[in-house]
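Please open the structure in your viewer and keep the selection panel at hand.

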Amino acid sequence: MTGAGNYVGDLKVAGCLDAAFVRSTVAHGRLLAVDTSAAAEVDGVVGAWSAADLGDDLAFVPPFFPSAGGEDPRRCAALAVDRARYVGEPLAVIVGTDRYVAEDGADAVRVDIDPLPALVDPGEAAASSTWLFDGVDNVVTEMEFGTPIDDEVWQRAAVVVEGAYRQPRLAPTSMEPRAILAVPETDGHLTVWVSHQAPHRLRRDLASALGLDAERIRVRVADSGGAFGAKSGTFPEYLSVVGLAVKLGRPVRWLEDRAETLSGSTHGRGQNQRVRLAADENGRMLALALEVDADVGAYPNTGFVAAETGQAAAGVYLTPNVHARIRVVVTNTTPTAPYRGAGRPEQVYAVERTVDLLARRLGMDPAELRRRNFIPPEAFPYHSPTGRVFDSGQYELALDKALELVDYTHWREEQLRRRRSGSERPLGIGLCSFAERSGLEQAPMANEWASVDVAPDGSVTARVGTCSTGQSHETVFPELVARTLGIPPGRVSLIEGDTDETAQGIGTFGSRSMQVGGAALHRAALELIEEARRRAGEPDARYADGTVIIGQRSWTLAELAAASPEPLRAGGVYDTPAAFPFGTYVAVVEVDRELGNVRVLRLVAVDDCGVAVDPEIVEDQTRGGIVQGLGQALYEVMPYDDQGVPQADGLLGYLLPTIGELPPISLDTTVTPNPNTALGAKGAGEAGCIGTPPAIVNAVIDALGPQPAGTATDIGGMQLPLTPETCWLAAAGQEVGAR
């Protein structure tokens, strides 16, 4: 904020060249020609390449999770080969003496594409005879979680409701788009500066894709202007930039512009969802079935996101029969990838809207229905029907606290008053109770590397394999290490995001920074204390405030570090299993029936992320997530026309909430410690994106009712985002549809 940050675009490198990309303006078609000859003649252009120009040097994006089944025929090339599959796909790369020259060169490239039918909706793509890849079905994979539910369960239920929802595509829209700078060094090494979330994985992928020695590649993450999951992958553009830097022997930089990031970078969400929920006459849930067609765009490298939606299917509810079927489908749209929440917002939205539907059908208060079905505290660790093991939870406590904080009884009375008066601004109250996953369950993603060492001058260096993209690691991690060692925070410095300085690392995503990375640093610091005791000659010696004490003698950490040529250091790879933060959000809204505008009067969030190591940072993370959730509920969507052309190429077309749209937000917490770490911390970075959209949408539907008891379908088929047009049509009793 002061201008002191050092981003990839700020780095000064002598002789640096700039890259620009020629991108497809056709969603689907056969590439007849990509002619770069005229571009190569533009003054200042150093070179211009298509896939054909690169020949055998053309690189392919390595799979996120390598398959044992051999090479995937749907793999993504750095530059399109033979066929364009989405608007924004890179077709050629131009390198010039500056960005302006490179853009002029890009304008000179001539592209000839023979159009093919474009597939935009995943359900339609799954059934289409038009395939994106010759001889390969558009359904990439089908996954099932839980056990198929017998017809008898549905038949004996007192009530069965069904909902169909569309999770639209969202553009992550971090303040800094993607950025990379590749610098060949004089000693044969290569330094790659990049705005990224997982530098060690990127180094591995660059080496694999480009045939380079990973030990000679140094990936360094500069200051990053946000990521939200969308900078965790290895992108086609990165392969081109790094490959050409090596080829030319000169530094090459690419800074993505806003138009590129909206159409050419990855999107989040993108699911068609169908939910069926059964209950007995008392509202006890008997069965939940979830079917999802997950849109992964033109290339399926990150189809694993949809698995989270299926595995988390029943959420916080004690439902004996749960089954989820997920189809991952390719379409002629920008590839999707993790975006803040990554599978959890999708699951929570589908279930929480259907829970409200069930409450309306039963004529029951939605808060009471939730309370009646929560997994009770004594059931933890809870083994869900989909195979997930939830560590701990007090779901009813969070609900009750949220209802008290929002003054639920008051707003229900105000809602009734407005309904009786026939107000043109009806009021609604919406709830969302959820559990999410932080960290990952599979090795090696469930561990992190960390080390702590002490210099002879008493300074402490903490290293960890995570990577900050705005989570305040620079503040929180040194404070954590200092607190553990009992020394002032100013004596601790942090190093992360540098593959030469950190032996290994998984990175930062899935709300794993404190839960996994912080836990690793904490354990390394504790092991450092044990090492200091050993060096003092007494493993059981007392330790306090950076000093080992044996009787009347004492040694500071600095003295112990100076007394031996061996570094005073501890560290390693530390396992931390996934955790399951939870919470309840309540939204109070009013809707202008005449204009369709939604005004959020109150938004209450009660979150439980275990023990908050730095409560102020947790609160900031929660507020940021809530703003993004507000955008998803009311404003944000990346629409495509029937030809697969995205309809937003700037922030006048892709709407984001500003400070003027922020409602009054009240935050509170409950504390259910993580039983699997000494810190007791669970992840906290994504809850706002998960709890906010269902709460707001449920509130809007509640406002536009009342739906009489016995109504089994949603009002007007309302779909995200709830634009004024959507709400106006729903208020007028007209059917609403959205792609």
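Select serine 24 together with Ala84, Tyr86, Val87, Gly88, Glu89, Leu91 and Ile113, which serine 24 touches when residues up to four places away in sequence are not counted (contact means heavy atoms within 4.5 Å). This is a predicted model, in which local features need pLDDT of at least 70 and side-chain atom pairs count only at pLDDT 80 or more, while totals for chains, interfaces and linings use all residues. Residues are numbered from 1 along each chain as its sequence is written, and side-chain values use heavy atoms, with hydrogens and water left out.

Serine 24 lies in the loop between strand 1 (17-23) and strand 2 (29-35); strands (E, at least two residues) and helices (H or I, at least four) are DSSP runs, numbered from the N terminus. Because its relative accessibility is 2%, serine 24 counts as buried (under 20% relative accessible area, with a 1.4 Å probe and protein chains only).

Zoom in on strand 18 and strand 26 (residues 582-591), which run antiparallel and are joined by 9 bridges; glycine 430 has alanine 587, in strand 26, as its bridge partner.

Conventions. Two strands pair if DSSP finds at least two bridges between them. Buried means under 20% relative accessible area, exposed over 50%, partly exposed in between (1.4 Å probe, protein chains only).
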